[in-house]
Each structure stands twice: as structure tokens, then as C-alpha cells.
Amino acid sequence: MRHSAVVWDHRAATEIIKDLNGIDQFLLRNPKGASARVSLHGGQVTSWRNEHEEELLFTSSKAIFKPPKAMRGGIPICFPQFGNCGSLEQHGFARDKIWTVDDNPPPLHPNDSHGKSFIDLLLKPSEEDQKGWPHSFEFRLRVALATDGDLILISRVRNINSKPFSFSFAYHTYLSVSDICEVRIEGLETLDYLDNLCQRERFTEQGDAITFESEVDRVYLSSPNVIAVLDHEKKRTYVIRKEGLPDTVVWNPWEKKSKSMVDLGDEEYKQMVCVDGAAIEKPITLKPGKEWTGRLQLSVVPSSFCSEHLNL
């Protein structure tokens, strides 16, 4: 076989499968054997595996896979509201809806297509959505798997209304870790953050990195575009690169809260950490006809590779 002549066909690398509720999921593969799975339910990435078939995203063993309930794990899309800081349900409605395949999306930069397997999804508001949030929009989501195994999500929200609207947003990313007590997050030191455990009071991060000894629920403000999550036991590091997403959410429910959550096992907080690229403190305001783009790229590298190479 002449490998140099092979052209990677993103459609051939995408398989459609049904979940237990008969909802389409799209399985993306790359030539090295890495994969990602994306559901029409919520436009949610439900799995991301490396070339050794190791799962990199956490999903609760008690996750409820039945719309309109959002699934606990993967990467839920929080839009047009993050958390409960507004009139809508927790984290907005996008993660609860059934999205459609976008067969003819407006073009992205060629680098976002070349050599990647990907799927384009579309969400438009229903009449019911507009009763609670009276705005017209088109939300386009591309999920792509690169040849090196990186997972890329590109969200584009366009205002097709006659008046401006504002929204908050997050890629609520559940990373799978070996032991939360052995996890260290670099890139957020010295930043101000809003502590959701203290009525969103503002503090300044004092540590040289974030480590975990109890429940954490924070929104780090004006955060850098590259953040590293080090898993010491597995000697690997998740590298999070983001654009258009000024804030970073860090969350782990710890023991007490986990026991109160019906869709999370009592001890599962030890195997997960959420680190979200987000726009929360200053909501995005879109004028009529304008579009916002928020991009997330997730990589995994050996921990020995890390900080000095990432300019953290």
C-alpha cells in the first residue's frame, strides 16, 4: 500500500450507531485507532479514546441515558446559561435537546477539516425554547478527531433575531483521572476566581497549582488559553487549548455531594475532574446577524513532556 497516496475521507471514518433509546450516535475514528463518539442527544461527546482504546472522558456508572435528562459525563454543552445563574434550568437547554446533522454548514478554516474525521451538528430553538428564552439562533457544532488523536470542538452561535441577545457558555468537560488526590492543574495560579461554594465570592488563587482535598466549584477569570491537567498516577497530562472562552471552570463534587447525586456513584468523584473552557463572568452579547465562535482542543501527552513545553 502506498500510504503517501491515501487521502483521509472524514465520511468513511464516521459510523452511525444507535443508542439504547434509538438516538443516533456518530463514531469518529482516525487512522491510528483513536475514536470519539458524539450523540444527537445534546450534541454531546460521550466518549474519547486514544489509540490504545483507553477512555479519556469520565462517564458515571449511574448516568441516565434517557432524554430529556442530560447524561452525567462526557462533554455536555452548557448553553445559553451556565449553572443556575439565570431563569433557565441548570446549564441551559442545549444539552437536553435532540440536535440534527448539519449537511451543509458554512465553511470553517481548511485546517479544521484537513486530515480529520468530523461531524457537523445543528441546533435551532423550538417554540417551547423560545417561551423561556425568546431569541432566534443557529448553533452549529463541529466535533473533530485529528490524526494525532486530539479532540476538537468548534461551536458557532449566530443571532438570526432582530434584536441583540446575551448568553453564557461552557464545554462541561469530564476528564477521567486515576485518583483526584493525585491530580494537579497548572495554568490557573495567581488568577481571580468566583467560588460557587461561597455565593460566588471573588478570591485570588494562592497556590502554585490547583490540587484537591475537598469539594471545588470555581470559575477562574481571564484564564490563559492553555491549561494542563496532570494525572501523576498515570503519568499523563491533558492539555486544554481554548479560543473565545475567557473563563475556566474547575469542579469536583467530593464525597458528601456525590452521595446526594442520583446519577453519580458515591466514590466516583475520585475518578473525575471537570475543567471547562467557558464564557461566564461576562456573557457573550451578539448583535443581529453576528456570530460567536468558541473552540476547544484536548490533547494527551506524557507528563514528562509538560510544563516547560506548554509555556504555562
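1. The structure holds 20 aromatic pairs, a pair being two rings of Phe, Tyr or Trp (its six-membered ring) whose centres lie within 6.5 Å, with planes under 30 degrees apart counted as stacked, over 60 as edge-to-face and the rest as tilted. This is a predicted model, in which local features need pLDDT of at least 70 and side-chain atom pairs count only at pLDDT 80 or more, while totals for chains, interfaces and linings use all residues. Residues are numbered from 1 along each chain as its sequence is written, and side-chain values use heavy atoms, with hydrogens and water left out.

2. Trp99 and Phe139 form an edge-to-face pair, with 5.0 Å from centre to centre and 70° between the planes. Trp99 lies in the loop between β5 (77–78) and β6 (100–101) and Phe139 in strand β8 (residues 137–145), so the pair ties together parts that are 40 residues apart in sequence; strands here are DSSP runs (E, at least two residues), numbered from the N terminus.

3. Trp99 is buried, at a relative accessible area of 2%, and Phe139 is buried too, at 0%, where buried means under 20%, exposed over 50% and partly exposed in between (1.4 Å probe, protein chains only).

Technical notes:
Helix = DSSP H or I, 4+ residues; strand = E, 2+ residues; numbered from the N terminus.
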